[in-house]
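Here's a quick walk through the fold, the core and the ring pairs of this one. Have the structure open as you read.

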Amino acid sequence: MSTLTAEKTRSYPAYSKALWRRALVTREFAVIALLLIVYVWSLGNVPNFDSPLTLYYLFLDVAPILLIALPMTMVIITGEIDLSVASVVGLSSVLVGVLHQDAGMSIPLAGLLALVVGASCGAVNGFLVAYVGLPSLAVTIGTLALYRGIAVGLLGTTAKTDFPESWTDLAKQRIVDGQPYPMILIPFLILLVAFAWLLHFSSFGRGVYDIGLNDEAARFAGVDVERTKLWLFVLAGVVSAFAGIYYTLRFGSARGDNATGLELQVIAAVLLGGVSIFGGRGALHGVIAGVLLLGVLSSAMRLQGETVNVINIVIGVLLVLSVISTSFLGWASGLARRWARSPDPASDSAGKRSLNR
């Protein structure tokens, strides 16, 4: 009776891999391990890398990527992509400058309107992808040029640089004086908690994964695919606009070409962090580790005097390897399962002889 009861209470995880394998044998854990290895190696081999000032500027540099990577992770998990995020950063930067200096608005009001415009930009992307049915790659390439064109058209080649020192200092202020952690980490951590709950602990997040695995099956399961995708693009637009406000205040300059090329760094970090470009797989802790890994690599190589081209080559190789590893691991796992299921020739021949008797 006790044996029967034990069999009934066993759940699916009891038949799956051991807990330590499910926790440690993952791409996310591999990225975290690689981050720790690179960081420890840099501490011992790169001059001035252990300086608190180095860590402070590292966080300042990766802050926009950390912010935008949060909604980008969810967008890519659904099997879509948003290449217009950097253009939204540039457009919101220009809007803050124009609204503050030309229209006389305060920084909070100008920033609020920039967030509304960012949400509108994301809504345009989401509507065209989700409801019109256009490919997100084509849509966001088009809106990348559109939003950047509007930003450059508003300011031309000029820049708005006269911002209140209280706000520019706030963007660069440390949480605690003498510590290497800038104030921008506080809103990032708040957003990280919100996005982690949304993706990993809510029904909305389960729907995001379902869409990435099979959007038709997700519809049958009751997921509103179109509305989910629309909201994800809106979130990407809002967070990108917020990153644009931070970008403007940190550098004290609003320009139409601000953050050019940032979208490629965001996508590289997300894919390096274990998110599948085909959708349906990924986790935020791996993405954060991927962003920090790229930041540590870039910082260490700059301190060693490497050029931007060399840094881009190293990051590009890492990205290619991360994409290839998904297919390679899938092939290796399938081969191992087939090998495990294949009968032993010796035992098979012995069985046949016993049958013949």
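What follows goes from the overall fold to single residues.

## Ground rules

This is a predicted model, where local features need pLDDT of at least 70 and side-chain atom pairs count only at pLDDT 80 or more, while totals for chains, interfaces and linings use all residues. Residues are numbered from 1 along each chain as its sequence is written, and side-chain values use heavy atoms, with hydrogens and water left out.

## Overall fold

The protein chain has 17 helices and zero strands. Both are DSSP runs numbered from the N terminus: H or I of at least four residues for helices, E of at least two for strands. Of its 357 residues, 44% count as buried. Buried here means under 20% relative accessible area, with exposed over 50% and partly exposed in between (1.4 Å probe, protein chains only).

How much of the contact count comes from residues 24 or more positions apart? Taking contacts in the protein chain with a separation of 6 or more, the share is 78%. A contact is heavy atoms within 4.5 Å.

## The nonpolar core

The largest nonpolar core holds 88 residues, and Leu262, Val266, Val270 and Val291 touch the most other members. Helix H5 (residues 52–77) gives the most to this core, with 18 residues. Such a core is a set of buried Ala, Val, Leu, Ile, Met, Phe, Trp, Tyr and Cys residues joined through side-chain atoms within 4.5 Å.

Zoom in on Val270: leaving out residues up to four places away in sequence, Val270 touches Ala69, Met72, Thr73, Ile76, Val275 and Val287.

H5 is largely enclosed by the rest of the structure, because 22 of its 26 residues are buried. Its end C-alpha atoms are 35 Å apart, which agrees with the 38 Å that its residues should span at 1.5 Å a residue. That expected span is 1.5 Å times one less than the number of residues. There's a kink of about 45° at Val62, shortly before the proline Pro64; the bend is the angle between axes fitted to the seven residues ending there and the seven starting there. After H5 comes Gly79, with a positive phi near 95°.

Helix H6 (residues 85–101) is mostly covered too, with 15 of its 17 residues buried. From first C-alpha to last, H6 reaches 24 Å, close to the 24 Å expected.

## Rings and charges

The count comes to five aromatic pairs. Rings of Phe, Tyr and Trp (its six-membered ring) pair if their centres lie within 6.5 Å; planes under 30 degrees apart are stacked, over 60 edge-to-face, and the rest tilted. One of the pairs is Phe59 with Tyr181, tilted at 5.8 Å centre to centre and 45° between the planes. Phe59 lies in helix H5 and Tyr181 in the loop between helix H9 (165–172) and helix H10 (185–200), so the pair ties together parts 122 residues apart in sequence. Phe59 is buried at 14% relative accessible area, whereas Tyr181 is partly exposed at 36%. The rings of Phe127 and Tyr131 are stacked, because their centres are 6.0 Å apart and their planes at 25°. These two sit four residues apart in helix H7 (residues 107–131), about one helical turn.

Arg174 lies over the face of Tyr56, 3.9 Å from the ring centre. The rule for this is NZ of Lys or CZ of Arg within 6 Å of the ring centre and within 35 degrees of the ring normal.

## A buried lysine

Is Lys229 buried or exposed? Lys229, in helix H13 (residues 225–251), is buried, with a relative accessible area of 10%. Beyond its neighbours within four places in sequence, Lys229 is in contact with Glu80, Ala130 and Ile211.
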